[in-house]
Amino acid sequence: TAEGDAEKAKVERTNWGNGIEFLMSCISVSVGLGNVWRFPFTAYENGGGAFLIPYIIVLFLIGKPMYYLEMIIGQFTSQGTVKIWSVCPGFVGVGYGQAFGTICIISYYSSLLALTLYYLFVSFQSELPWSYCREDWLNCVNSRPQEYAEDLLTGLSRNISSNFSSAASTDVKLQSSSEIYFLDVVIKEKLDITDGVGTPDWKLTLALLLSWVVIFLVIMRGVKSSGKAAYFLALFPYVVLLVLLVRAVTLEGARDGIIFFLEPQWGELLNPKVWKEAVVQCFFSLAVGSGPIIMFASYNRFDHGIYRDAMIVTTLDTLTSLLGGITIFAILGNLAHNLQIDNIRDVVRSGTGLAFISYPDAISKFQAVPQLFSVLFFFMLFVLGIGSIVALQSTIVTIICDQFKGFKYWKVALTTSICGFLMGLVYVTPGGQWILTLVDFYGGTYVVFILAIFELAGIVWVYGLQNFCDDLEFMCNRRVSLYWRVCWSFFTPVMMIIIFIYSMATIEPIQYSEIYFPEAANVAGWLLFAIGAAQFPLWGIWVASRNSQGNFFQSLKASLKPSDKWGPANPDIKREWLVFKSQRAAERAVLQQSSKLGHFWQKIGNFCGSK
């Protein structure tokens, strides 16, 4: 135990090599698959351009305030997701619940890395396997360029035309070869899971295993050394994304797709579902509410200027989402043109597979060595995914090591990686996409969402906005503007509460590929949500009962007050902080007594940051 304590002290004293490492690490976490996989299909499902307006509004009223708050709380305490709740011990269940939500996200995120590796390896073939139709694929259109297979495509078009004219109904849906390849060859999609999800595919299982080996190798070296890799993890993906964007916008029909993406449908602004999806996407993309931002910020120097970093990362994250969205919608416009479909919405089914259908389709249209670009692109996707999942996994490992100080870091990393691989096996079965949709909806989305409301309430409403702003001013030596105060105390929590209540009141049975889930699956989903959400009240009751003071309500009230452990980790800085807090309280008391404005207006002045 003594050795573990020494090791823990060493970890707590560890700082980033420099401020840029921290910034790059935050970019590699927040700029991930959420931008190139989740954002385009979320926008796609919510009316394309109509989604952009709520998303940007939500970014300023919820995304940026939450991101900045998590950075502040992590850096101020130099503690992980659970230990920060010395600020309000009764809320420690928020930290454990967020860890549960993070585990849910990790479990399916790794399966996306497995798919990425699968495509990476098959890209080394002389001809990209998804670029051409097989003989037994009905109503298939080649994804490869027409000039490469003009006769084949013309023959296929004649074939389909004759089928149309001879058939009684002309309602025949064409599919690109990249879509059929993903559904029938890669995931071997199963459209009915009432009899089970099937057995794991051996190729995807190997890809999943390799993904977890890479995750473990990065994690076992700790946060310190991962900062060196963050330069590559953060910057390399942009090079490939920009090249793909240039190619995508020059494709025939791309203009229609981009217009569909960017043209706002003002009526959708009144649809609360769109606002809910904007909040969910903001959380998933920025990685707020799940722990990595708090963890990374905890390794900063106490006086590091995090305001700049928070603004850079949140802005860059949005720009990357737009970049990914424009790219994929340009490709969808081209797909619609090739498949002779007028409505872009009908081109491809939305869902996880969108990135594994539309992106490969675009790559196959490259005239010069598409294999090389395919390898680069899927390697980029893998790098993006690794950057995010490493931070998520490190959050879990840190929580465990904080609680059990005698455990060696690498052993915990190995054990959690093995568990992650075993959990990931269910997603590489023929019915795996069903499970992914279920876990993402109940475990990854709603659990993180409701606990983020409690996280904000615990810090701003229970600990107090003025206390929090004083701590920030002491740490960063800058006044907290009215924008942050209004967002933290009112707009952010109230918007989140309203959207959460609405989404719960109007919740509908989820679907995969327009097919409803079996009843047993929905029950399992609600159980998943209940386990995550129940952490908050259960741990709150446990903390209150452990610190018994009179009756239960007195104990509960005591559990909401900061413990002795709250404050800066460095003892010298903590002493300075306590002096600063007492001086600030004395100044306010004097002002209140001498002020003719009265107590109420003094409170208003404090809120606006006048003192």
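Mentor: Start with a rule for aromatic rings: rings of Phe, Tyr and Trp (its six-membered ring) pair if their centres lie within 6.5 Å, and planes under 30 degrees apart count as stacked, over 60 as edge-to-face and the rest as tilted. Ring pairs of this kind link Tyr118, Tyr119, Trp130, Tyr181, Phe182, Phe356, Phe377 and Phe378 into a cluster.

Trainee: What should I know about the model itself?

Mentor: This is a predicted model, where local features need pLDDT of at least 70 and side-chain atom pairs count only at pLDDT 80 or more, while totals for chains, interfaces and linings use all residues. Residues are numbered from 1 along each chain as its sequence is written, and side-chain values use heavy atoms, with hydrogens and water left out.

Trainee: Back to the rings. How many aromatic pairs does the count come to?

Mentor: The count is 50 aromatic pairs. Take Phe261 and Phe329: their ring centres are 4.6 Å apart and their planes are at 20°, so this pair is stacked. The two come from distant parts of the chain, with Phe261 in helix H10 (residues 254-262) and Phe329 in helix H13 (residues 306-338), 68 residues apart. Helices here are DSSP runs of H or I with at least four residues, strands are runs of E with at least two, and both are numbered from the N terminus.

Trainee: Are Phe261 and Phe329 buried or exposed?

Mentor: Both Phe261 and Phe329 are buried. Buried means under 20% relative accessible area, exposed over 50%, and partly exposed in between, using a 1.4 Å probe and protein chains only.

Trainee: What else is in H13?

Mentor: Val313 is in helix H13. Val313 has 0% relative accessibility, so it counts as buried. The C-alpha atoms of Val313 and Cys26 are 6.9 Å apart, although the two residues are 287 apart in sequence.

Trainee: And where is Cys88?

Mentor: Cys88 sits in the loop between H4 and H5. Cys88 has a relative accessible area of 0%, so it is buried. The C-alpha of Cys88 is 6.7 Å from that of Gly458, which is 370 residues away along the chain.

Trainee: Another topic. How many residues does H11 have?

Mentor: Helix H11 (residues 272-286) has 15 residues. From first C-alpha to last, H11 reaches 21 Å, close to the 21 Å expected at 1.5 Å a residue. The expected span is 1.5 Å times one less than the number of residues. Of the 15 residues in H11, 13 are buried.

Trainee: What happens at its ends?

Mentor: At the N-terminal end, Asn271 caps H11, with a side-chain oxygen 3.0 Å from the backbone nitrogen of Lys273. Just after H11 comes Ala287, with a positive phi of about 65°.

Trainee: Which loop is Ala287 in?

Mentor: Ala287 is in the loop between H11 and helix H12 (292-297). Ala287 is buried because its relative accessible area is 9%. Another positive phi in a residue other than glycine belongs to Ser78, near 55°. Ser78 lies in the loop between H4 and H5.

Trainee: What lines the largest cavity?

Mentor: The largest cavity holds about 220 Å³. It has 21 lining residues, and the closest to its centre are Ile105, Phe283, Phe284, Ser285 and Ala287. By class, its lining has eleven nonpolar, nine polar and one charged residues. Ala, Val, Leu, Ile, Met, Phe, Trp, Tyr, Cys and Pro count as nonpolar, Asp, Glu, Lys and Arg as charged, and the others, Gly among them, as polar.

Trainee: And the second largest pocket, how much space is in that?

Mentor: About 1200 Å³ lies in the second largest pocket. Its lining has 43 residues, and Gln79, Lys83, Ser86, Ser563 and Lys565 are the closest to its centre. That lining divides into 17 nonpolar, 15 polar and eleven charged residues.

How values were computed: A polar contact is a pair of N or O atoms within 3.5 Å; within protein, one must be able to donate a hydrogen and the other to accept it, and residues adjacent in sequence count only if both atoms are side-chain atoms. On a 1 Å grid over the protein atoms alone, a cavity is a set of points where a 1.4 Å probe fits but cannot get out, and a pocket is an open set with protein on both sides within 12 Å along at least five of seven lines; lining residues have an atom within 4 Å of a point. Grid points are joined across faces, edges and corners, and a volume is the space filled by probe spheres set on the points.
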